[in-house]
Amino acid sequence: MRSNTIIDFCSPAENWNEALPTGNGRLGGMVFGRPYVEYVQLNEDSVWSGSFTDRNNPSAYENLAEIRRLIFAGKIIEAQELCAFALSGTPETQRHYEPLGNLYLLFAGDKNPIEKYSRKLDLTTGVITTSFLTRGVTYKREIFTSYPHNVMVLRLTSDKSASLSFHTQIVRGNPTWDYEPYQTRTYRNPNYSEFTDKSYTKPPDISVMTGSCNGGGKLCAAIKVISEGGIVKAIGNSLIVREADSVTILLSADTTYRENDPEASAIKRLEIAAKLGYERLCEAHLSDYRSLYNRVELDVGDIETERLFNFGRYLLISSSRPGSLPANLQGLWNTDFAPAWGSKYTININTQMNYWHAETCNLSECHLPLFEHIKRMVKNGRQTAKYMYGCNGFMAHHNTDIWGDTAPQDVCLSSSYWVLGAAWLCLHIWEHYLFSLDKNFLREHYPLMREAAEFVVNYLTDDGEFLVTCPTLSPENEYRLPNGETGVICKGASMDNQIIRELFNACIASTEILNTDAEFARILSDTLKRVAGIMVGKHGQIMEWNEDYDEIDIGHRHISQLFALHPGTQIDSAKNPELAAAARVTLERRLSGGGGHTGWSRAWIINMWARLGDGDNALTNAKELLRNATLPNLFSNHPPFQIDGNFGFTAGIAEMLLQSRVGEIVLLPALPKEWSSGSVRGLMARGGFEVDMRWENHKLTGLDILSKSGGECVIKTNEQTIEIVNKPQTHVPNHKRSRVNLL
Ligand code: FUC
């Protein structure tokens with residue numbers, strides 16, 4: 001029977017896009033579930049190439065005035081050429097993420113037929129199970145990655161004693177023979193261990209592999225094999241298990257990013273975990289994992305949608321936990337030594353999208369690695385602001401890496417020279433505050449928002465009419481110039497103005513909440529008066545640039561000009577219906593040109609339709625994402641796999657069911673006709689409210705709201721899609737739990 005919490009297959013993974021992910025934020029694996037050559041492709045979040053290099057272009061500042069002059073004079077092509085030389089990073093590229101290595105378990109009897117094969121990931125436990133029958137024996141493998149003990153745990157059992165015999169090895173390589181480096185037990189593909197430095201055992205039961213992050217630090221992965229019955233012994237760099245009843249394999253990894261001696265720390269962690277034993281490790285994992293996963297439950301009568309929604313929560317819990325790095329372009333899971341876009345942090349939409357569901361889906365703690373990373377960016381971002389642009393404060397362009405690099409990435413006119421990466425990221429601080437109302441958090445992190453705003457105040461320049469960002473661009477679209485040429489670089493792109501307004505307003509509100517920095521708040525509000533508002537263009541659309549240019553790609557995947565609709569708050573059907581109408585035109589225009597063709601782009605569109613209160617269009621796009629941008633293992637497809645589409649999808653579903661601002665909750669704002677009855681438990685609203693509700697025939701029939709911060713709120717619905725039966729209580733007063741019984 002199909003379930004919304006199980007991802008299952010009846011055959012082993014033939015390729016990476018069929019393998020199942022496990023992870024605890026830092027340590028991750030892709031499990032193939034192969035009966036005779038079990039293969040787990042491994043990642044550790046700090047395995048990145050290189051080290052920090054100052055890449056700020058020495059010619060930037062001396063050319064800034066000239067670039068601005070050219071843009072103001074409409075000499076866009078000349079300005080672009082100068083940008084490419086004077087602003088690009090030196091060198092042009094940041095560091096990239098790399099795989100940790102591969103774990104292999106090789107079993108005897110590889111030509112025997114397999115029956116009753118099953119492979120599944122249970123989203124309620126975070127455990128991947130493979131089982132099969134061969135020669136009359138049923139074998140079972142369970143794999144999870146424990147956050148509390150930071151080890152991956154593999155448990156091998158069978159229904160017949162003394163029937164587990166295999167050898168195991170952990171290596172780092174790049175086998176050309178995809179995923180099948182072992183052709184037999186005695187032949188290995190030449191490249192399967194080419195990036196391994198040391199490979200040794202510590203008899204009787206530990207095997208260690210070390211390597212070097214390409215041009216960077218050192219890494220180590222180690223396993224300890226614990227058998228019940230049978231024997232474990234070391235030969236060469238392999239551990240051999242013979243005739244065991246059951247086996248537990250513990251795997252741990254470290255790099256010099258966090259530990260001076262990764263070998264010592266990885267091995268020590270194995271010994272600690274081994275003392276606890278499988279049962280206690282498993283209990284600790286389940287209680288930790290369930291404490292996060294069980295907070296939310298969705299029933300909309302559509303298993304595929306519910307399952308992908310749940311998978312997005314699973315993936316965040318598995319790739320972003322306190323102490324880990326934030327989820328990168330592939331979360332944690334990457335098999336390539338030269339991954340697409342370096343599997344870095346692209347901060348003109350992608351990294352932000354990774355966290356859109358963190359608050360709404362009650363995974364607030366999983367948001368924390370992002371804030372730690374913003375802190376890592378500050379020092380570099382100050383240097384870039386000062387050195388390249390002569391500005392105070394802190395800034396970032398459209399990408400960052402493990403070192404928090406802030407200089408431009410690539411020589412790519414349509415993306416590299418955008419300057420509001422830090423400003424947008426800092427809005428996540430404000431979101432975290434709005435959901436938690438945690439003043440201590442705001443006090444600690446307000447300085448980051450302030451510095452991002454300070455850069456903007458300094459960077460803005462007067463074009464005679466408005467204060468504008470310049471140079472800048474609208475990620476990552478191009479426009480047609482009046483003379484027919486194509487332009488990218490511009491002044492005052494619409495998304496910039498929208499981000500600036502959102503950030504400045506958040507800073508001003510923070511100064512009031514924290515009772516601090518009134519003078520800075522005044523500067524921000526004076527500055528805002530001179531920043532252009534949202535403009536409607538000749539097609540009735542929200543203008544993307546400060547001139548009503550036509551876009552080169554009508555169906556471009558980025559829909560930057562609708563930032564104000566989502567994730568921003570400035571376009572709102574209730575507050576400014578004329579802008580909401582223009583946002584609808586914009587979205588329809590993008591879609592008519594083929595927009596939404598990447599997973600993340602489609603996911604953004606779901607969120608935007610939800611904000612427009614259009615559940616049917618939101619659902620159509622959700623189905624489209626499921627159909628056309630989802631890989632067999634349910635990873636979202638750019639292509640290749642990019643995790644933002646998963647996270648953005650989950651955020652979009654939540655956005656269809658609940659929207660909020662402090663003091664106001666809108667229930668079922670974008671309920672599609674198809675979801676006429678259903679329920680959801682545990683979604684979060686701004687102001688610190690946890691909401692459970694159910695509905696039948698488009699009528700709200702049950703509502704239970706917990707105020708976690710002791711605040712009050714007004715409850716609304718979108719009356720076009722949902723009706724509150726008997727209109728009972730539409731105001732939740734300030735007491736802990738308010739059960740509003742509607743029937
Ligand atoms: C942005 C997007 C691309 C891709 C890359 C990682 O540049 O425009 O589609 O997602 O980030």
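A polar side-chain atom of Glu476 sits 2.3 Å from a ligand oxygen atom; a polar contact is a pair of N or O atoms within 3.5 Å. The protein covers 98% of the 290 Å² of accessible area that the ligand has on its own (Shrake-Rupley method, 1.4 Å probe). The model is predicted: local features need pLDDT of at least 70, side-chain atom pairs count only at pLDDT 80 or more, and totals for chains, interfaces and linings use all residues. Residues are numbered from 1 along each chain as its sequence is written, and side-chain values use heavy atoms, with hydrogens and water left out.

**Ligand site**

- Leu329, Trp341, Thr346, Asn350, Glu476, Arg557, His558, Trp600, His638 and Gln642 surround the ligand (a heavy atom within 4 Å).
- This shell divides into three nonpolar, five polar and two charged residues; Asp, Glu, Lys and Arg count as charged, Ala, Val, Leu, Ile, Met, Phe, Trp, Tyr, Cys and Pro as nonpolar, and the others, Gly among them, as polar.
- His558 places a polar side-chain atom 2.6 Å from an oxygen atom of the ligand.
- For Asn350, a side-chain N or O atom is 3.1 Å from a ligand oxygen atom.

**Sheet**

- Seven strands form an open sheet with antiparallel pairing, in the order β2-β3-β4-β5-β10-β17-β16.
- Strands are DSSP E runs of at least two residues, numbered from the N terminus, and two strands pair if DSSP finds at least two bridges between them.
- β2 (20–23) and β16 (231–235) are the edge strands, each with a single partner, so one side of each has no neighbour in the sheet.
- Antiparallel strands β5 (residues 101–107) and β10 (residues 164–171) are joined by six bridges.
- Phe107 stands opposite Phe166 in β10.

Technical notes. Polar contact = N/O pair within 3.5 Å; in protein donor to acceptor, adjacent residues only side chain to side chain. Helix = DSSP H or I, 4+ residues; strand = E, 2+ residues; numbered from the N terminus.
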